[in-house]
Amino acid sequence: MSRMKNNYENSRFMRFKRWVDGETDLLLNTMEIVPAKEPAAGEREEASKDSFGEKDGKNPPVFSEGRGLLYFRRFYQAVSVLLCCGIILVLLWTVAYLPSFGNAGNPDNNEVSARYIEQGLQETGAVNIVTGMILDYRAFDTFGESCVLFIASCCVMILLMVDDAILKKQEAMSDRRFEPKNDAILQGTALVLTPIIFIFGIYIILNGHLSPGGGFSGGAIMGAGLILYTSAFGFHKTQRFFDEHIYKIAKITALCMYGLIGTYFYVTGANGIENHIPLGIPGHILSSGIILPINFCVGLEVACTMYAFYALFRRGGL
């Protein structure tokens with residue numbers, strides 16, 4: 001009975017299950033240790049200086065790849081080449097069917113672009129035609145881009161997030177080892193520039209429907225301000241007003257608000273129902289209907305993503 005149990009525990013299925021659960025390495029037992037050869041008499045002194053063998057004067061053991069790991073590497077290389085070739089073929093196939101440049105029947109010469117230019121101000125309330133097109137006519141596409149940012153930050157967090165216990169231990173040792181330690185020039189510059197950067201980012205978001213800018217550019221500016229402040233004063237001070245808990249609330253709330261606003265706009269528009277979001281007076285800050293709140297949501301999403309990338313690559317946590 002115990003033999004059957006041991007065979008079941010060591011079966012390929014259980015090994016794969018433990019690997020999926022993160023308990024062990026699937027290829028852990030495919031490595032075999034080959035004893036190192038005894039160095040010659042003239043090489044003993046040189047071998048003893050080696051960092052690995054300085055205690056006993058011997059060379060470290062050499063690890064050789066097992067058959068399972070070797071097969072896995074070959075399979076990985078073959079699949080990578082096939083995948084790259086497949087992507088190249090799909091891209092070449094797509095390019096071959098693109099319309100020729102300058103053709104009168106191309107999408108950029110049809111009635112859609114004319115409607116954007118001629119009736120964009122009346123239908124969206126945005127003076128900036130590009131913002132009206134991106135966040136009103138094509139708000140669904142922009143929502144997809146925001147989802148891409150959300151998924152990208154989640155993937156980076158899964159790959160680089162350090163365990164809380166290890167992170168707290170690192171913080172107890174010294175959080176300042178991640179940044180220049182008490183750099184007076186950097187801290188003085190950040191103290192002056194950080195508020196200006198934040199105000200400028202908010203200005204870009206607020207005026208995105210009136211002038212060049214919007215949520216993407218304004219959020220990138222605010223994210224740069226967060227990174228500058230963290231680089232100058234450390235993660236400990238930044239966590240007083242922006243930690244992992246606030247990051248999750250801000251990011252998820254921004255994406256959900258964008259989805260709710262967009263859903264309401266899509267449902268009313270698709271069914272010919274008049275929505276109750278006023279367009280306002282063109283040229284005023286409080287105008288352009290759904291564009292202004294969507295700009296805020298996109299700006300918050302971009303700022304959080306930029307800071308999360310920096311923090312995760314820098315120390316493995318927010």
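The legends below describe close-up views of a predicted model.

**Figure 1. Overall make-up of the predicted protein chain.** The protein contains 13 helices and two strands. Of its 318 residues, 30% are buried. Among contacts between residues at least 6 apart in sequence, 71% join residues at least 24 apart.

**Figure 2. Packing of helix α7 against helix α13.** The axes of the two helices come within 10 Å and cross at roughly 20°. Angles under 35 degrees count as roughly parallel, and α7 and α13 are therefore roughly parallel to each other. The crossing in which α7 passes α13 is left-handed. On the α7 side the contact is made by Ser 146, Leu 149, Phe 150, Ala 152, Ser 153, Val 156, Met 157 and Leu 160. On the α13 side it is made by Val 298, Glu 301, Val 302, Thr 305, Phe 309, Leu 312 and Phe 313.

**Figure 3. Packing of helix α7 against helix α12.** Here the axes lie 11 Å apart, and the angle between the helices is about 160°. Angles over 145 degrees count as roughly antiparallel, so α7 and α12 are roughly antiparallel to each other. The crossing of α7 and α12 is left-handed. From α7 the residues in contact are Ala 139, Phe 140, Thr 142, Phe 143, Ser 146, Cys 147, Leu 149, Phe 150, Ser 153 and Met 157. They meet Tyr 247, Lys 251, Ile 252, Leu 255, Tyr 258, Gly 259 and Tyr 266 of α12. Ser 146, Leu 149, Phe 150, Ser 153 and Met 157 of α7 take part in this contact and also in the contact with α13.

**Figure 4. Aromatic pairs Tyr 116–Tyr 137 and Phe 143–Tyr 258.** The count of aromatic pairs comes to 11. One of them is formed by Tyr 116 and Tyr 137, whose ring centres are 4.7 Å apart with 35° between the planes, a tilted arrangement. Tyr 116 belongs to helix α5 (residues 111-124) and Tyr 137 to helix α6 (residues 129-137), so the pair ties together parts that are 21 residues apart in sequence. Tyr 116 is buried, at 16% relative accessibility, whereas Tyr 137 is partly exposed, at 28%. Phe 143 and Tyr 258 form an edge-to-face pair, with 5.2 Å from centre to centre and 70° between the planes. This pair links distant parts of the chain, since Phe 143 lies in helix α7 (residues 139-160) and Tyr 258 in helix α12 (residues 244-270), 115 residues apart. Phe 143 is partly exposed, with a relative accessible area of 23%. Tyr 258 counts as buried, at 1%.

**Figure 5. Surroundings of His 209.** His 209 is placed in the loop between α9 (184-206) and α10 (215-233). Its relative accessibility is 0%, and His 209 therefore counts as buried. Leaving aside residues up to four places away in sequence, His 209 touches Ala 126, Val 127, Asn 128, Thr 131, His 284, Ile 285, Ser 287, Ser 288, Ile 291, Leu 292 and Asn 295.

Figure 6. Thr 194 is found in helix α9. Thr 194 is buried, with a relative accessible area of 7%. Thr 194 and Met 222 are 28 residues apart along the chain, and their C-alpha atoms are separated by 8.9 Å.

**Figure 7. Arg 314 and Arg 315.** Arg 314 lies in helix α13, which spans residues 291-315. With a relative accessible area of 39%, Arg 314 is partly exposed. From Arg 314 to Leu 160 the C-alpha to C-alpha distance is 9.6 Å, and the two residues are 154 apart in sequence. Leu 160 is one of the α7 residues that make the contact with α13. The charged end of Arg 315 sits over the ring of Phe 235, at 4.5 Å from the ring centre.

Definitions and conventions: Residues numbered from 1 in each chain as written. Predicted model: local features only at pLDDT ≥ 70, side-chain atom pairs only at ≥ 80, totals over all residues. Heavy atoms only, no water. Helix = DSSP H or I, 4+ residues; strand = E, 2+ residues; numbered from the N terminus. Buried < 20%, exposed > 50% of the residue type's maximum accessible area, 1.4 Å probe, protein only. Phe/Tyr/Trp six-rings, centres within 6.5 Å; stacked < 30°, edge-to-face > 60°. Lys NZ or Arg CZ within 6 Å of the ring centre and 35° of its normal. Axes fitted to C-alpha atoms, helices over the stretch in contact; angles between N-to-C directions. Parallel < 35°, antiparallel > 145°, perpendicular 65-115°, else oblique. Left-handed = near helix turned anticlockwise from the far one by under 90°. Contact = heavy atoms within 4.5 Å.
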